[in-house]
Protein chains: 2
Amino acid sequence: MKSPAPPRKRNPGESRQRILDAAARHFGEAGFDGARVDVIARTARINKQLLYHYFGNKDALFTHVLERAYQQLREQESALNLDGLPADEAILALVNFTWKFYLSHPDFIRLLNSENQMQARHLKRSRRIAAINAQHLKIYRALIARGQREKTVRGDLDPLQLSINIASLGFFYLMNRHTLSTVFKSDLNSERMRRKRLAVMRDVIGRWIRADRK
Amino acid sequence: MKSPAPPRKRNPGESRQRILDAAARHFGEAGFDGARVDVIARTARINKQLLYHYFGNKDALFTHVLERAYQQLREQESALNLDGLPADEAILALVNFTWKFYLSHPDFIRLLNSENQMQARHLKRSRRIAAINAQHLKIYRALIARGQREKTVRGDLDPLQLSINIASLGFFYLMNRHTLSTVFKSDLNSERMRRKRLAVMRDVIGRWIRADRK
DNA sequence: GCGTATACTAACCAACCAGTTGGTTATAAC
DNA sequence: GTTATAACCAACTGGTTGGTTAGTATACGC
């Protein structure tokens with residue numbers, strides 16, 4: 001015979017947080033369609049209806065999780081102090097930062113992947129997402145401009161393309177490491193291969209952005 | 001009152017093909033978890049049991065679809081005749097080929113994405129996948145070796161990293177164009193932006209692979 | 001110390017969905 | 001023609017799942 005669960009102390013802030021944490025993990029592992037609301041509720045150790053009480057439905061919960069993930073990325077990026085570095089080295093520092101963020105937030109790339117499989121249907125309706133990402137391209141643009149004054153960075157770099165290049169070289173490697181490792185029979189997730197990958201990415205970006213020496 | 005469907009002419013080859021085509025489209029659109037076996041059967045205009053008759057279950061069907069997609073890619077890649085080109089230009093021709101393949105086979109990247117979300121659980125059990133991809137790295141390796149003899153390509157290129165770089169710059173752009181377009185408010189899927197992307201990718205790879213001029 | 005908004009819960013439900021049952025019929029081999 | 005095999009089908013099943021109902025418990029304003 002099961003004794004009824006003792007009534008829990010109320011703590012709305014923490015309950016909300018626990019739901020978001022559990023949702024980020026489970027949505028990341030399983031993707032939107034593969035994730036189960038019941039699993040999230042159980043992991044967060046709250047009742048399923050509390051989840052619906054706070055977030056309305058599965059889609060809205062996913063949107064919150066995505067927004068929070070982007071916010072973490074952009075806040076950390078904005079907190080970087082790159083003023084002491086020459087612009088070309090600062091850009092390489094962004095390569096390192098982006099790579100390390102992906103490595104330390106494995107849910108982030110998987111969440112984004114799932115969202116892209118759905119053609120960004122959640123982000124498209126988000127009213128917060130533009131503000132969250134507002135600083136990103138400005139940082140890149142400013143660095144490129146400074147590099148041109150310093151003559152360490154070539155004159156025709158597009159900040160959007162630079163940002164996409166830096167993201168893609170790391171994101172694709174980590175997201176697709178499962179199929180790549182299988183197809184090419186080599187463990188891309190080993191410490192050695194990960195270190196090598198970062199070196200390659202820095203080399204690729206470094207050679208692309210630098211002003212040509214005459 | 002509905003008249004019973006007239007008995008269909010038997011055509012096992014075509015029925016199988018229609019199932020695979022419908023499955024590739026629907027798995028691509030919706031991902032493995034989002035896809036519905038009933039939808040595939042209806043689109044293929046066959047009975048659901050025929051699908052189970054041929055493929056056993058949803059996972060096995062997905063595996064077949066994936067293998068076929070890889071096979072198409074690798075067959076076309078192997079059919080390329082790059083012998084007439086200097087090695088550095090031949091590598092850039094592979095950049096073009098890869099990009100065009102992704103563009104003309106939108107299901108391919110989406111299928112792979114879904115498979116990676118599931119940590120390659122289908123490919124890991126496939127016995128055909130290694131053979132299908134056997135030529136790929138050999139092509140890259142041979143081109144790098146020739147480029148070194150011709151002195152157009154630098155001496156320390158790793159074929160696996162080169163292949164991953166070429167794949168990632170295009171794959172990430174196309175797969176993530178939905179979130180990227182939303183976040184950065186610019187239509188990455190426009191003809192103009194797609195042309196620009198190919199130019200950037202050729203530039204990035206070109207600068208990375210070439211032997212340094214003294 | 002009373003009223004009410006909200007944090008929280010158990011039990012429930014209808015739609016959905018992968019896979020099965022239990023067949024019929026076309027085709028090919030002999 | 002007879003028989004074996006495989007192509008093909010409609011209807012069903014049982015477990016699952018997003019979301020709901022109907023309520024109790026607690027904190028807080030007054």
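With which side chain does the side chain of B:Asp88 make a polar contact?

Mentor: The partner is B:Arg210. The side chains of B:Asp88 and B:Arg210 make a polar contact at 3.1 Å. Keep in mind that this is a predicted model.

Start with the place of the residue. B:Asp88 lies in helix H5 of chain B, which covers residues 87-104. Is B:Asp88 buried or exposed? Its relative accessibility is 9%, so B:Asp88 counts as buried; the cut-off for buried is under 20%.

Now the surroundings. Set aside the neighbours within four places in sequence. B:Asp88 is then in contact with B:Thr152, B:Val153, B:Ile209 and B:Arg210.

Next, the interface of the two chains. Chain B places 59 residues in contact with 59 residues of chain A. About 4900 Å² is buried between chain B and chain A, and carbon and sulfur atoms account for 59% of that area. Three residues of chain B give more than any other three: B:Gln117, B:Phe184 and B:Arg207 supply 15% of the area that chain B buries against chain A.

Polar terms come next. There are 4 salt bridges across the interface of chain B and chain A. One of them joins the side chains of A:Arg154 and B:Asp203, at 3.0 Å from N to O. The count of residue pairs in polar contact between chain B and chain A is 15, with both residues at pLDDT 80 or more.

Which helices supply the chain B side? Several supply at least two residues each, among them helix H1 (12-34), helix H4 (58-79), helix H8 (134-150) and helix H11 (191-209) of chain B. H9(B) gives the most, with 12 residues. By class, the side of chain B that touches chain A has 24 nonpolar, 19 polar and 16 charged residues.

Domain 1 of chain A brings 10 residues to the contact, and domain 2 of chain A brings 8 residues. Between them, about 710 Å² is buried, with 49% from carbon and sulfur atoms. On the side of domain 1 of chain A, A:Ala24, A:Gly28 and A:Phe32 supply 56% of the area buried against domain 2, more than any other three residues.

The count between the two domains of chain A is 1 salt bridge. The side chains of A:Arg68 and A:Asp21 meet in a salt bridge at 3.0 Å, N to O. Polar contacts between the domains of chain A number 5 residue pairs, both residues at pLDDT 80 or more. The side of domain 1 of chain A that touches domain 2 has 4 nonpolar, 3 polar and 3 charged residues.

End with an exposed residue. A:Arg125 sits in the loop between helix H6 (106-117) and helix H7 (129-132) of chain A. Its relative accessible area is 68%, so A:Arg125 is exposed. A:Arg125 and A:Thr63 are 62 residues apart along the chain, yet 8.8 Å separates their C-alpha atoms.

Terms used. Residues numbered from 1 in each chain as written. Chains lettered and ligands numbered in written order. Predicted model: local features only at pLDDT ≥ 70, side-chain atom pairs only at ≥ 80, totals over all residues. Heavy atoms only, no water. Contact = heavy atoms within 4.5 Å. Buried area = accessible area lost by both parts, 1.4 Å probe. Polar contact = N/O pair within 3.5 Å; in protein donor to acceptor, adjacent residues only side chain to side chain. Nonpolar A, V, L, I, M, F, W, Y, C, P; charged D, E, K, R; others polar. Helix = DSSP H or I, 4+ residues; strand = E, 2+ residues; numbered from the N terminus. Buried < 20%, exposed > 50% of the residue type's maximum accessible area, 1.4 Å probe, protein only.
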